[in-house]
Amino acid sequence: MARTTPQVCSDLDEQPLYLRVATELLGELRDGTIAPGERLPAERRLAQHFAVSRETVRQALEILRRDGLVATDQRGSHAALPGAPVKVPSSLVFPVGFRPVQPGVVNRTTANWELPPPEHAESLGLDPTRPTLVHRYESAGVDGGDVRSAVTSFSAVALAEVEQLGRYREPTDSTVSAQFRRAYDWMRKAGLTLHHRDSIRRLVGAHSVQVTRYVHDQHDRPLEITDLVVDARQDVLVYEFTLPSAC
């Protein structure tokens with residue numbers, strides 16, 4: 001029997017609210033935000049996430065359930081979209097520019113409660129005299145070449161709403177080893193829809209380029225900003241983009 005999916009190509013403003021919610025939820029199923037077999041949040045949590053009533057959520061789930069995209073049992077509803085979840089594009093890996101562990105490359109990450117760079121404080125709406133969570137990443141070849149480094153500052157919104165980041169709210173006396181590779185997944189799990197803007201510029205008087213990534217949520221609230229510096233003479237930065245399919 002052929003499987004159907006909610007119509008996603010019509011004008012969203014003309015769609016019933018429950019169908020718009022079903023379309024957005026389908027997008028999260030397709031991009032791997034909700035993996036196959038993973039339990040969906042409770043109806044109350046979904047209603048908060050989409051800013052709709054629980055009845056609207058029930059109607060949206062019924063559409064996806066009818067099309068075989070969501071299944072319900074005694075444990076609740078879970079994703080049933082076949083196949084493995086789509087991997088997050090490398091352009092969305094945290095931090096921007098992160099390189100997987102491989103022979104000849106040494107990565108070092110730390111996190112500390114400290115004053116953010118002034119330009120970060122301004123972009124995130126932070127008081128420049130008050131500390132926040134700052135993540136630092138360094139990567140280099142074993143010979144000391146092919147160096148790249150990134151500094152990330154997190155906003156008050158990110159620290160308040162993302163449980164894994166909020167654990168770092170208490171100041172520490174020294175830097176600690178920090179594995180934040182899933183930072184963007186943590187944000188999504190907290191109900192935040194991520195939007196990012198990258199800018200690239202060459203540093204004056206140097207052979208390096210700086211990539212600045214600014215991430216905000218669906219309410220245009222800032223979440224984090226990262227400055228990545230890459231030696232353009234030795235290093236290559238590769239971007240991948242996932243574009244929506246045409247109707």
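Ser153 sits in strand β5, residues 148–154; strands here are DSSP runs of E with at least two residues, helices are runs of H or I with at least four, and both are numbered from the N terminus. This is a predicted model, where local features need pLDDT of at least 70, side-chain atom pairs count only at pLDDT 80 or more, and totals for chains, interfaces and linings use all residues. Residues are numbered from 1 along each chain as its sequence is written, and side-chain values use heavy atoms, with hydrogens and water left out.

Back to Ser153. Is Ser153 buried or exposed? Ser153 is buried, because its relative accessibility is 0%, and buried means under 20% relative accessible area, exposed over 50%, partly exposed in between, with a 1.4 Å probe and protein chains only. Its side chain makes a polar contact with the side chain of His120 at 2.8 Å. A polar contact is a pair of N or O atoms within 3.5 Å; within protein, one must be able to donate a hydrogen and the other to accept it, and residues adjacent in sequence count only if both atoms are side-chain atoms. Leaving out residues up to four places away in sequence, Ser153 touches Pro116, Pro117, His120, Leu124, Leu133, Val134, Leu223, Glu224 and Ile225, where contact means heavy atoms within 4.5 Å.

Next, the backbone. Most residues other than glycine have a negative phi, and most peptide bonds are trans. Ala51 has a positive phi, near 60°. Ala51 lies in the loop between α2 and α3 (54–66) and is exposed, at 68% relative accessible area. Asp220 also has a positive phi, about 65°; Asp220 is in the loop between β8 (208–216) and β9 (222–231), and is exposed at 54%. The peptide bond from Phe94 to Pro95 is cis, with omega near -15°, and Pro95 is in the loop between β2 (76–79) and β3 (105–114).

Last, the second largest pocket. Its space is about 370 Å³. A pocket is an open set of points on a 1 Å grid over the protein atoms alone, where a 1.4 Å probe fits, with protein on both sides within 12 Å along at least five of seven lines; lining residues have an atom within 4 Å of a point. Of the 19 lining residues, the closest to the centre are Gln48, His49, Phe50, Gly191 and Gln218. Which helix gives the most to the lining? That is α1, with five residues. Helices α1 (17–30) and α2 (43–50) each supply at least two.

Key
Points joined across faces, edges and corners; volume = space filled by probe spheres on them.
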